[in-house]
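Dear colleague,

My findings follow below it.

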Amino acid sequence: MKRLFLLLVFILPFSLFSQAQENPVTPIAAIDTLFDYADTADIQPISLKSTGSVLTQVISKVQRYAFELSELKLELSDFLDTTEMSEMLPKINLLAERIMSKTEEDSQYLNHRYIVGMENLVSTAGDLNRSYLKNIQQRVDILAEVGDRLNTIKSDSLFAMTLRDSSLVPAINSELRMLKKSLKTVDSVYLEQEILTARFQAKISENTVVFLTLNQYLNQNKKRLDRQYWTKEINYPWEPVNYSKVTNLRTVLSESMDLNITLMKAYVERKGYIFLICSIMLIVLYLKIKSTIREIGNQKDFASLILDRVKYFKRHTFSSTILILLPIFLIIFTKPPLVFISILSLSMVIASCFLVKKQFGEYFTKIWFVFMIPYLLLALSSLNWKVVYQERWYILLSSLLFLGMGILLLKYANASKNKHNAFVKYLAIFLIVIEGFAFLTNVMGRFNLSKTYSVTGAILFYRGIGLFLFVNVFLEAIYLFIEHSKKESDGFTSYFDFQDLQSRMKGFLYVFASATWLYGVIWHLGYFDEVYNWLSEFLLQDRTLGETVFQFGSILLFITILYVSTFLANNIAYFASVKDQRNASSRKQRLGSSVLLIRLAVLTIGFFIGMTAAKIPFDKIAIVLGALSVGIGFGLQTIINNLVSGVILAFERPIQIGDEIEVGLNAGTVKEVGIRASKIQAYDGSEIVVPNGDLLSQSLINWTLSDKKRRVELIIGVGYGSDMKLVKSVLEEVLKGERILKAPSPHVYMQTFNDSSVDFRVLFWVESMDIWIDVRAEVMSTIFEKFAENDIEIPFPKRDLYLKSVPSNWQEKVSKPGEDISPKKLDLGSDPNSSDEIKKSSKE
């Protein structure tokens with residue numbers, strides 16, 4: 001490139017100038033004189049330019065195309081890694097063919113578990129095939145772009161040009177030859193990679209067709225099984241056996257175990273990163289909770305009281321940690337094989353074994369463990385991939401056993417007064433209904449239907465108990481973390497705070513646990529696809545109301561997002577108030593009324609996200625708001641006023657959560673600054689709801705706006721005969737107490753000459769609003785004692801009684817010390833009628 005530049009700068013202008021002086025020609029003639037064109041060249045119209053300009057343009061093109069070809073060569077150098085695909089694509093194809101042949105071979109033993117397992121294998125292999133297809137498609141797109149750029153370069157007439165006289169500018173022909181050679185090389189590599197990519201694309205497409213065929217075959221068998229699901233398969237128990245006894249149950253169990261292990265390995269390989277993340281979550285959460293309990297026990301003054309509320313983590317930390325995460329794992333892992341779901345369910349049951357006694361009592365625990373063995377055998381039986389009618393009597397016995405278990409637990413729940421046993425009651429009713437149905441269908445010869453319902457009843461009963469424990473364990477973990485986050489000086493969460501925490505979180509957790517349990521019921525019964533398709537059709541079907549087209553799914557999504565936003569907003573405010581309690585001594589470190597802005601922001605963002613997700617047009621909302629503006633102007637102006645006042649309070653921050661305020665006749669501690677109104681907890685324990693508009697329109701006294709110091713004022717009256725200098729010195733001495741601040745200094749003033757006393761005004765400051773009443777009482781008690789020691793009289797009202805006359809029968813009698821001067825009792829004597837007379841007179 002430097003050589004071309006030097007030639008252009010020094011040689012070319014000089015030679016062209018010389019030729020122009022000797023034999024001047026037109027620009028077109030100069031071009032024709034310089035270059036030859038191939039016969040096939042598509043020569044573009046050439047404008048009338050000088051020979052120097054044409055050569056400059058040629059050299060510029062050569063440089064640009066050389067740089068572009070270097071870029072293309074660099075892109076093509078990133079070869080497609082075909083090593084793994086060359087090895088795996090034939091295996092994927094072979095696996096699909098084996099699944100097809102295996103399914104056809106076992107067609108007479110097919111059941112829903114078999115079909116679901118095969119679908120999972122197909123899904124695993126299909127996902128791998130789709131990942132290869134995605135890589136190939138990305139490479140195809142890159143090659144398509146490279147091909148377009150190569151065609152653009154090759155179509156340029158530059159590659160059909162050669163200098164007639166190479167001695168004029170010898171470097172140009174050399175650069176053109178090198179450029180053409182580079183183009184040929186890049187074009188060859190491009191063609192080679194295009195052929196290679198097309199070959200692998202064909203193999204992947206072939207696998208895709210095989211998977212489509214296999215999925216169609218499995219769907220057809222699933223529909224066939226659905227049609228046969230409610231039909232009679234075997235004879236009644238009292239009739240002769242009409243099924244083959246050739247099938248060996250042990251062989252079926254062994255084959256099913258091998259297939260389940262294969263499925264589990266494939267699923268772990270496909271979801272390996274999720275397994276890693278979940279394992280890390282379990283370890284980190286366990287270590288965190290363990291250290292939290294240890295630190296609370298070592299550092300907190302109220303450790304015993306805090307840990308007494310901990311029923312689960314104190315003794316069974318690992319089991320409780322597993323129970324927190326397992327329901328979340330059931331949601332995280334998508335399209336799991338049945339064996340993986342069974343492992344998660346079994347883990348939940350084992351973890352629950354350590355906690356049921358603490359939650360439900362000893363009788364429930366005995367029943368739990370007695371029926372554990374039938375549960376495990378039934379769960380193991382559910383992993384069989386083939387229909388084995390020899391299991392009929394065991395399934396029949398299992399249904400009877402769990403039916404009896406449901407009856408025992410129902411009686412226990414009805415007799416118990418524990419509020420938690422209401423949940424056990426409903427779960428027992430579910431167990432009775434589903435196991436009773438399983439027993440009846442078994443008797444009627446519907447073996448697969450009976451087995452499905454019997455397994456579902458047992459598994460979902462134990463899972464339901466585990467999910468109930470999950471809610472309680474989750475709440476306990478939050479309580480521990482809140483207690484641990486508090487400073488030592490903050491003490492511990494009161495019982496009412498603990499109850500409030502449970503009431504806030506319990507509803508959401510119960511909704512989550514119920515949805516997880518219901519999903520398990522539908523999935524185990526085999527109705528998930530049908531329910532999913534029905535719900536999709538119901539929710540996503542377009543409906544018309546007037547000229548508006550809407551979907552129930554959009555409305556449900558909008559409501560769900562609003563519910564989640566409201567839940568987040570309320571709990572953010574709650575936990576912010578907990579944080580403010582930790583920073584109660586520093587007003588600047590508290591969020592206070594700013595929590596209102598956070599709540600409004602969360603609600604607003606949730607509202608707009610809900611509208612966007614539900615595809616609700618904003619112009620419709622604008623129309624609705626316009627229609628409501630009239631109502632807002634008349635009927636809702638007070639609410640809007642309070643809302644705007646709340647926003648002003650959040651920005652100006654005249655009050656914060658924890659401040660001691662007085663507004664009108666109300667005084668107390670600010671507990672919440674809401675969207676419409678704020679809550680003040682009065683000193684007598686009552687909660688006062690004050691509209692935000694009143695906080696701005698009325699005079700507001702904030703005792704803790706700048707700091708928490710408070711001045712205390714006392715009016716002390718003494719008798720006129722007292723030594724006033726002594727009184728003042730005594731009062732000043734009392735004000736030297738430890739809890740009275742020295743700055744601002746306390747003061748004693750002679751205030752007023754009253755009718756019966758001389759009043760002194762005592763002023764002093766205390767450090768915090770929280771102690772002013774205690775210090776005031778302490779000072780008054782000390783003043784009383786000091787006045788008594790110094791014979792200083794505290795006047796009190798006195799009255800003199802003057803008698804104008806004395807009754808004639810008045811007899812004055814001076815009693816001796818210790819003499820009883822109480823009236824003598826009436827001596828009734830022995831007259832039997834005397835007591836009756838007295839009673840009669842008293843009645844009259």
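This is a predicted model: local features need pLDDT of at least 70, side-chain atom pairs count only at pLDDT 80 or more; totals for chains, interfaces and linings use all residues.

Asp-187 belongs to helix α6, which covers residues 170–228. Leaving aside residues up to four places away in sequence, Asp-187 touches Leu-150 and Lys-154. Lys-154 is 33 residues from Asp-187 along the chain, and the C-alpha atoms of the two are separated by 9.7 Å.

Nonpolar cores

In soluble globular proteins, nonpolar side chains tend to be buried together. In the present model, the largest nonpolar core has 88 residues. Phe-364 and Tyr-462 are the residues with the most contacts inside this core. Helix α17, residues 447–485, supplies the largest share of the core, namely 22 residues. Apart from this core lies another, of 25 residues, which includes Val-122, Ile-136, Phe-200 and Leu-225.

Which residues does Tyr-462 touch, not counting residues up to four places away in sequence? The list consists of Val-349, Trp-368, Phe-371, Met-372, Tyr-375, Phe-402 and Met-405.

Salt bridges

The count of salt bridges comes to 8. Three of them are described here, together with the surroundings of the residues concerned.

In one of them, the side chains of Glu-68 and Arg-149 meet at 3.5 Å, N to O. Glu-68 lies in helix α3 (residues 51–77) and Arg-149 in helix α5 (residues 112–154), so this pair ties together parts that are 81 residues apart in sequence. Glu-68 and Arg-149 are both buried.

A salt bridge also links the side chains of Asp-127 and Arg-130, with an N to O distance of 2.3 Å. Asp-127 and Arg-130 are separated by about one helical turn, because they are 3 residues apart in helix α5. Asp-127 has a relative accessible area of 29% and is partly exposed. Arg-130 also counts as partly exposed, at 47% relative accessibility.

The salt bridge between Lys-451 and Glu-391 has its closest N and O atoms 2.7 Å apart. Why does this pair tie together parts that are 60 residues apart in sequence? The reason is one of location: Lys-451 lies in helix α17, whereas Glu-391 lies in the loop between α14 and α15 (392–415). Lys-451 is buried, with a relative accessible area of 1%, and Glu-391 is buried with a value of 6%. As for networks, salt bridges that share partners join Glu-68, Glu-71 and Arg-149 into one.

Ser-381 touches both partners of the Lys-451 and Glu-391 pair, and Ile-395 as well, not counting residues up to four places away in sequence. Ser-381 is found in helix α14, residues 372–381. With a relative accessible area of 5%, Ser-381 is buried.

Cysteines

How many disulfides does a search of the whole structure find? The search finds 0. A disulfide is a covalent bond between the sulfur atoms of two cysteines. Cys-278 counts as buried, at 6% relative accessibility. Cys-353 has a relative accessible area of 17%, and since this is under the 20% cut-off, Cys-353 is buried.

The sheet

In what order do the 5 strands of the open sheet stand? The order is β8-β7-β6-β5-β9, and the pairing is antiparallel. Strands β8 (687–691) and β9 (700–702) stand at the edges, and each has a single partner strand, so one side of each is left without a neighbour in the sheet. From one strand to the next, the twist averages 40 degrees.

Within the sheet, strand β6 (residues 666–673) and strand β7 (residues 677–682) run antiparallel and are joined by 5 bridges. Thr-669 has Gln-681 of β7 standing opposite.

Yours sincerely

How values were computed
Residues are numbered from 1 along each chain as its sequence is written. Side-chain values use heavy atoms; hydrogens and water are left out. A nonpolar core is a set of buried Ala, Val, Leu, Ile, Met, Phe, Trp, Tyr and Cys residues joined through side-chain atoms within 4.5 Å. Buried means under 20% relative accessible area, exposed over 50%, partly exposed in between (1.4 Å probe, protein chains only). Helices (H or I, at least four residues) and strands (E, at least two) are DSSP runs, numbered from the N terminus. Contact means heavy atoms within 4.5 Å. A disulfide is a pair of cysteine sulfur atoms within 2.5 Å. A salt bridge is a side-chain nitrogen of Lys or Arg within 4 Å of a carboxyl oxygen of Asp or Glu. Two strands pair if DSSP finds at least two bridges between them. Axes are lines fitted to C-alpha atoms, for helices over the stretch in contact, and angles run from 0 to 180 degrees between N-to-C directions.
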